[in-house]
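Me: I am new to this structure. Please walk me through the terms as we go.

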Amino acid sequence: AGKTMAIAAQGACRSLTIYRCEFADQGVYVCDAHDAQSSASVKVQGRNIQIVRPLEDVEVMEKDGATFSCEVSHDEVPGQWFWEGSKLRPTDNVRIRQEGRTYTLIYRRVLAEDAGEIQFVAENAESRAQLRVKELPVTLVRPLRDKIAMEKHRGVLECQVSRASAQVRWFKGSQELQPGPKYELVSDGLYRKLIISDVHAEDEDTYTCDAGDVKTSAQFFVEEQSITIVRGLQDVTVMEPAPAWFECETSIPSVRPPKWLLGKTVLQAGGNVGLEQEGTVHRLMLRRTCSTMTGPVHFTVGKSRSSARLVVSDIPVVLTRPLEPKTGRELQSVVLSCDFRPAPKAVQWYKDDTPLSPSEKFKMSLEGQMAELRILRLMPADAGVYRCQAGSAHSSTEVTVEAREVTVTGPLQDAEATEEGWASFSCELSHEDEEVEWSLNGMPLYNDSFHEISHKGRRHTLVLKSIQRADAGIVRASSLKVSTSARLEVRVKPVVFLKALDDLSAEERGTLALQCEVSDPEAHVVWRKDGVQLGPSDKYDFLHTAGTRGLVVHDVSPEDAGLYTCHVGSEETRARVRVHDLHVGITKRLKTMEVLEGESCSFECVLSHESASDPAMWTVGGKTVGSSSRFQATRQGRKYILVVREAAPSDAGEVVFSVRGLTSKASLIVRERPAAIIKPLEDQWVAPGEDVELRCELSRAGTPVHWLKDRKAIRKSQKYDVVCEGTMAMLVIRGASLKDAGEYTCEVEASKSTASLHVEEKANCFTEELTNLQVEEKGTAVFTCKTEHPAATVTWRKGLLELRASGKHQPSQEGLTLRLTISALEKADSDTYTCDIGQAQSRAQLLVQGEAAKCARA
C-alpha cells in the first residue's frame with residue numbers, strides 16, 4: 001500500500017485500489033492467499049487529451065518579460081515545455097506554473113538569443129508558438145575620444161556599444177572607410193576599433209563610428225616628428241622696390257609645409273611672394289618691396305620658430321618746385337602748391353610750425369608729384385609762414401592778408417509802433433558780402449514768425465511783427481567790423497470792454513456775481529454801486545484773471561439792489577441788479593431703507609436753504625420721535641438726519657419728515673434675522689451597539705433643520721430619530737456600528753455645524769495560533785486559527801505577498817475559526833504564512849517535502 005495504491009480487507013473480501021493509473025500500471029495482478037491464488041490483467045488506455053486554449057505568439061522588447069499560457073481538457077495531466085526542441089527547466093529567469101488545467105511559462109527577462117519556437121506537450125497533445133524579441137536600440141557605453149598619433153606610427157580610435165551584435169560603419173569626414181592595408185576595422189565583443197596604419201598629416205580629420213541608432217565622433221591629430229632649425233633667418237635691409245630674400249634650414253625635411261608670416265599676416269605663394277623648399281632648406285622671396293613692409297618676418301615649422309627683421313627704406317624725396325609767396329584780400333581765397341620727386345606718399349602742412357588738418361578753412365590735396373593747400377575766406381589772423389613737408393624735403397613761403405575797411409553808409413533810424421503792430425529797421429554797409437547779426441535789447445534775433453530778416457545787395461532789413469510792450473528798447477545790426485543801432489518806441493493800445501455787464505436778479509441771502517471782459521489783461525478797473533466806489537470787504541470780492549474782471553456780492557439783501565458800474569480808463573459798462581425773496585425747498589428727499597432686525601440705519605433730508613427758525617418733526621410708524629435711546633434726530637446746516645438704532649419689527653412702517661410746511665416720506669422695512677446655530681455639535685466616541693445622541697442649540701425655536709452624514713441627507717427611520725425641543729435640535733443614532741462612523745452635519749437657514757462620530761471596535765486577539773505544517777508535494781495544507789471575537793477583516797500572506805482566493809489558495813471564515821487551504825503543493829510553496837486581523841497577527845511555517853518514491857508490484 002502507498003499513495004498510488006490501497007489494499008483493504010472487509011470480511012472475506014480483499015481489494016486492491018490503484019489511484020491515478022498510468023501506462024506503467026499495466027500488467028497482471030495476483031492475489032495470493034497461500035492456499036488459493038487469483039490473478040487478473042489490467043490494461044491502461046490513454047486519455048484523449050486536447051488543447052482547449054493553445055499557445056499564442058508573443059513579441060516583446062529585449063529585457064522585458066514574456067508569458068505563454070495553455071489550457072488542456074483534463075485535470076492532473078503532466079506537461080512539459082520545450083524551446084527549439086530542448087526541454088525547459090525552471091531557473092531564476094524561467095518560471096513554470098500549473099493551476100488546474102492551465103499551464104504557464106514565464107520569462108522574467110528576455111534576451112535576444114531567447115527568440116525561437118516554444119512547444120508545450122501534454123501526453124498526446126501539444127501546442128506551439130513563436131517567441132519574437134525586438135532588440136533594444138544600440139547605445140554608446142563609451143564614445144570615441146580625441147586621439148593624437150605620431151607621424152609614421154599607428155593610430156587607434158575605440159568606442160564601446162551596448163550590444164555585441166551591433167553593426168557599425170566608420171567614416172573619415174563624410175567618406176566611408178573600407179578594410180584594407182590602411183584601415184583595420186575590428187569588432188571585439190562590445191568594443192569597436194579603427195586602426196590607422198602608417199599615419200601621415202593628411203590623416204588628420206574627424207572620424208565617426210555610426211551604429212545606426214547612434215553615432216559618435218572624435219578628432220584625430222597627427223604629430224610631426226621633432227624638427228629643429230639648424231640655420232635661422234637673418235635680418236634684411238633693402239630700398240624699395242628692391243626684392244628681399246630670407247632662408248632657413250631644418251634638421252630633417254618637413255612633411256607639412258612651413259608657415260611664413262610678415263608681421264601678423266600669413267604669406268601665401270603668389271604674384272609678389274615666392275615660397276621654395278629644397279630638402280631641408282626653405283626660402284621666402286618678396287619680389288617687390290615697399291616701406292610699409294618694414295617689420296618682423298617669422299618662419300614656423302612644427303614647434304620650432306625663427307624670426308628676423310625686414311627694413312625697407314623709402315626712395316629719398318626731393319623738392320622740384322618750391323612754394324611761392326601769396327597775397328590775398330580779406331574774405332578771398334589763396335592757393336599754395338609745390339612739386340616733389342618721386343611722388344610722395346603723404347605730405348604735412350604747417351603754419352608757423354603748427355600742423356594743419358583738413359577743415360572748412362583749409363582744403364588739402366596730393367595728386368601725383370603736386371601737393372596743394374587752399375586757404376578759404378581769408379582773415380587777418382591767417383597771415384603767416386606756411387610750410388609743406390614730404391620726408392626730409394620741405395618748402396616754405398609767406399601769406400599776406402590785405403584787410404578791408406567796412407563803413408556804415410546808411411545807419412538805422414529810430415521807429416515807433418503800436419502794440420500788436422509791426423516796425424521795420426534798415427541799414428546800408430559799404431560792402432555787399434559783409435554779414436550782419438540783429439539783436440533786440442541784447443537778445444539775438446532769427447528768422448521766425450515774429451521776425452523777418454533779409455539782405456539785398458548792401459542793404460540789410462529787419463521787420464518786427466506782433467510787437468509787445470516788452471519789445472521797446474534798442475535794435476542793433478552788427479558785423480565783425482562795424483555796428484549801428486536805433487530805438488524802438490511802443491505805443492500802448494487803448495483798453496476797451498470786450499464783454500459788457502448783464503442785468504441780474506438775485507435771491508435774498510444768496511450770492512451775486514457780476515462779470516465782464518477787457519482787452520488788456522493788465523488793465524486796472526474800478527467798481528461802483530449807485531456811483532459810490534466799492535472796496536474789498538467781507539461783503540465784496542474782486543476777481544482779476546487774464547482778461548476777465550468780476551465782482552462777487554455775498555449774503556445778498558434788499559439793500560444790495562441798484563446800479564453797478566465797472567470803469568477802465570474812459571470806458572464804462574453797467575448792470576441793474578434786483579433782489580427777490582428767499583424760496584426754500586427740499587433738494588434731497590428721504591429714501592426707503594431695508595435692514596435686518598437689530599441693525600441700525602439713518603434717514604436724510606436736505607433743504608435748499610437753512611431754516612434755523614422753523615423746527616423739524618419726525619414720525620416713525622405714525623409715532624412722533626425725537627432724541628431717545630433708539631432714535632436720534634440731528635441737524636447739520638441744511639441737512640436733517642434721523643438715526644434708528646437696533647431696528648425692531650415694530651419700527652417698520654412710514655417715516656415722515658416735516659418742516660416749514662414741507663414734507664418728505666419714505667418706508668422703513670425691518671426683515672427678521674434667519675435662524676443660526678449658537679451652540680455647535682461636538683465630536684462623539686462610542687462602542688459598537690451603543691446609542692448615540694448629537695445635539696446643537698439654535699437661535700430661534702421652530703426652525704427647520706436638515707441632518708446629513710458625509711454630505712448625504714438623513715431621514716427619520718428605525719436607525720435615525722430626529723428630535724426638536726424648543727431651540728435644541730437632536731439626532732439619535734440607534735445601535736451604532738462601524739458603518740455609522742463619519743462626519744454629521746446640522747444645517748439651518750443661515751449656518752451649519754459639523755462633528756465626527758467615532759465607533760471604536762473592541763480589541764480582538766487570537767485564542768488559537770497557527771501551527772507549523774509539514775506536507776508532501778502535490779498534497780494539501782490547511783492552516784487553522786481562532787479569534788476572541790468574529791474578525792471584521794482578515795488578510796492572509798505568504799511571506800510579504802498578500803494572497804487572493806484562487807484554485808490554489810482558498811481562505812475561509814466560520815464564526816471564530818479562520819482557515820487557509822493550499823492545494824497541489826509544490827516545493828516553492830514552502831514559506832512563512834501570516835493571518836492578519838488588524839489588531840493582531842499569527843504566523844506559522846509550511847515545509848513541502850519531496851514526493852515519496854513509487855513502488856509498483858505486478
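**Terms against values**

Reply: Of the contacts in the chain with a separation of 6 or more, 58% join residues 24 or more positions apart. Contact means heavy atoms within 4.5 Å. This is a predicted model: local features need pLDDT of at least 70, side-chain atom pairs count only at pLDDT 80 or more, and totals for chains, interfaces and linings use all residues. Residues are numbered from 1 along each chain as its sequence is written, and side-chain values use heavy atoms, with hydrogens and water left out.

Me: What radius of gyration does the chain have, against that of a compact globule of 858 residues?

Reply: The chain has 63 Å, while such a globule would have a radius near 29 Å. The radius is taken over C-alpha atoms, and the globule rule is 2.2 Å times the number of residues to the power 0.38.

Me: What makes strand 46 and strand 47 a pair?

Reply: Two strands pair if DSSP finds at least two bridges between them. Strand 46 and strand 47 (residues 459–464) have 6, in the antiparallel sense, so they qualify. Strands are DSSP runs (E, at least two residues), numbered from the N terminus.

Me: Why is one side of strand 41 and of strand 46 left without a neighbour in the sheet?

Reply: The open sheet has 4 strands in the order 41-43-47-46. Strand 41 (408–410) and strand 46 (451–456) are at the edges with a single partner strand each, so one side of each has no neighbour in the sheet.

Me: Which side chains of strand 42 are buried?

Reply: Ala415 and Ala417 are buried and point to one face. Buried means under 20% relative accessible area (1.4 Å probe, protein chains only).

Definitions and conventions
Buried < 20%, exposed > 50% of the residue type's maximum accessible area, 1.4 Å probe, protein only.
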